[in-house]
Amino acid sequence: MDFTLSDEQELLRDGLTKFLSTRYRLESSRAAAKTGAGWQPEIWRAFADELGILGAALPERVGGIGGGPVEVMVIAEALGYALVVEPYVDTAVVAGGLLLRATRASEATGDRTRASEATGEGTGASELLRTLVAGEAIVALAAAEAQSGDRWQDVITTARREGDVWVLDGAKIVALNAPLATHLLVTATTPAGLSLFLIDRDGDTAGLTLRPFRTVDDRWAADIHLDGVRATLLGEEGAAWPSLAQARDEGAAAVCAEAVGNMRKVLADTIEYSKQRQQFGAPIGSFQALQHRMVDMHIELEQAVAAVYLAVLNLQAEPAQRARAVSAAKATVGRAARFVGQNAVQLHGGMGMTEELAIGHYFKRLTAVQYEFGSTDFHTARYAALTRA
């Protein structure tokens, strides 16, 4: 099987890598995350205007470049290497995929009235995709609930009709990037089953309460309370789960690629540190025991790379095959992230957990990745269930 990138994909990778190396400073991103707005809007606009990466996996009809999972992998790995906090995966990959499939479902009906209802009046899914690609919208998904954990299909948030509008009641937890979002995608149950709704946060949205908090890896999330919040149905009522399951797998594959970028940087910094740090009159990298440790880190990284390739190449396969490949990757990357992150900190000693060195920030991100879009344990169990005879 050929894993060689095309010329266009290499140009995408090289251009993004050069941009991040010259214009994305770790100190600035941490300051924005901790004391500022939580992100850098000027960087986000540059992603849209100068690089065009927000539409990398979206069709040209909404302003994208018509790429696919491989382009997302290339972008996510580069963002991971630079430890970017801007919400690329949540907005461009997960929300973008959900909105795109909602527009396709509406178009497939051939019913203009139904299509208008499904994509929203005023701010349709297609129009929102265009603003997303242009860097003018941040869209966050709120799917997890306190009682469901990783089981996104177990939803007690409800949606009911009041005349011509839908009204939501319930609560969501740990909605990543919700405090930054201009729009929210929220799952709720209706008489027909699990459905997906769009909430426009333009202005004061009555009944919507966000309780923001900063995560361990310097990103922003929120717990959300919905009390009679007006929303727009996306797609067909009761038919949201296939698209939502695909979105979770796409998000999981993307954060796995991001984790590979994190681990490449962590391993490179650890090797460089081992050449400079002196102990007993010699660089610690000359000690065989520590060399073996770094070789083990490299092996874990290469296994993670192979697992990410497996997931990416199966994202467009039938659901069971896709889920099996993604769970194999998430479990493998989760184990590798834990091993590489912990050993990098140990090899740096006490300096590894300070704010001054990048290694501590990367370790926190590698820890958080193990729980996004399903924990390592969840995906291990799902893989076992999908491979059971």
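This is a predicted model: local features need pLDDT of at least 70, side-chain atom pairs count only at pLDDT 80 or more; totals for chains, interfaces and linings use all residues.
**Entry 1: the domains**

I began with the division of the protein chain, and I found domain 1 (1-137), domain 2 (139-238) and domain 3 (242-388). I then looked up what the UniProt record says, and its unreviewed entry places the feature "domain: Acyl-CoA dehydrogenase/oxidase N-terminal" at residues 6-85. In the model that span is 64% helix and 0% strand, and the C-alpha atoms at its ends lie 27 Å apart.

**Entry 2: where domain 1 meets domain 3**

I next turned to the pair formed by domain 1 and domain 3, whose C-alpha centres lie 23 Å apart. On counting contacts, I noted that 22 residues of domain 1 touch 28 residues of domain 3. About 2,100 Å² of area is buried between domain 1 and domain 3, and carbon and sulfur atoms give 71% of that area.

**Entry 3: the largest pocket**

How much space lies in the largest pocket? I wrote down about 640 Å³ for the largest pocket, and its lining is made up of 31 residues, of which Glu77, Ala78, Tyr81, Ala82 and Gly261 are the closest to the centre. The elements that each give two or more residues to this lining are helix H1 (7-23), helix H2 (26-35), helix H4 (69-81), helix H8 (241-276), helix H9 (288-313) and helix H11 (358-369). I also checked which domains take part, and domain 1 and domain 3 each supply at least three residues to the lining of the largest pocket.

**Entry 4: the largest cavity**

Searching the whole structure gave one cavity of 30 Å³ or more, and the largest cavity holds about 140 Å³ of space. Which residues lie closest to the centre of the largest cavity? From the 17 residues that line the largest cavity, I noted Glu86, Val89, Arg219, Glu258 and Arg365 as the closest to its centre. At least two lining residues of the largest cavity come from each of H4, helix H5 (88-109) and H8. The lining of the largest cavity divides into nine nonpolar, two polar and six charged residues.

**Entry 5: looking back**

Putting my entries side by side, I see that H4 and H8 are among the helices that give two or more residues to the lining of the largest pocket, and that H4 and H8 also each supply at least two residues to the lining of the largest cavity.

Terms used: Residues are numbered from 1 along each chain as its sequence is written. Side-chain values use heavy atoms; hydrogens and water are left out. UniProt positions are given in the numbering used here, feature names are shortened, and annotations may be inferred rather than shown by experiment. Helices (H or I, at least four residues) and strands (E, at least two) are DSSP runs, numbered from the N terminus. On a 1 Å grid over the protein atoms alone, a cavity is a set of points where a 1.4 Å probe fits but cannot get out, and a pocket is an open set with protein on both sides within 12 Å along at least five of seven lines; lining residues have an atom within 4 Å of a point. Grid points are joined across faces, edges and corners, and a volume is the space filled by probe spheres set on the points. Domain bounds come from an automatic or database domain assignment. Contact means heavy atoms within 4.5 Å. Buried area is the accessible area (1.4 Å probe) that two parts lose on being put together, summed over both. Ala, Val, Leu, Ile, Met, Phe, Trp, Tyr, Cys and Pro count as nonpolar, Asp, Glu, Lys and Arg as charged, and the others, Gly among them, as polar.
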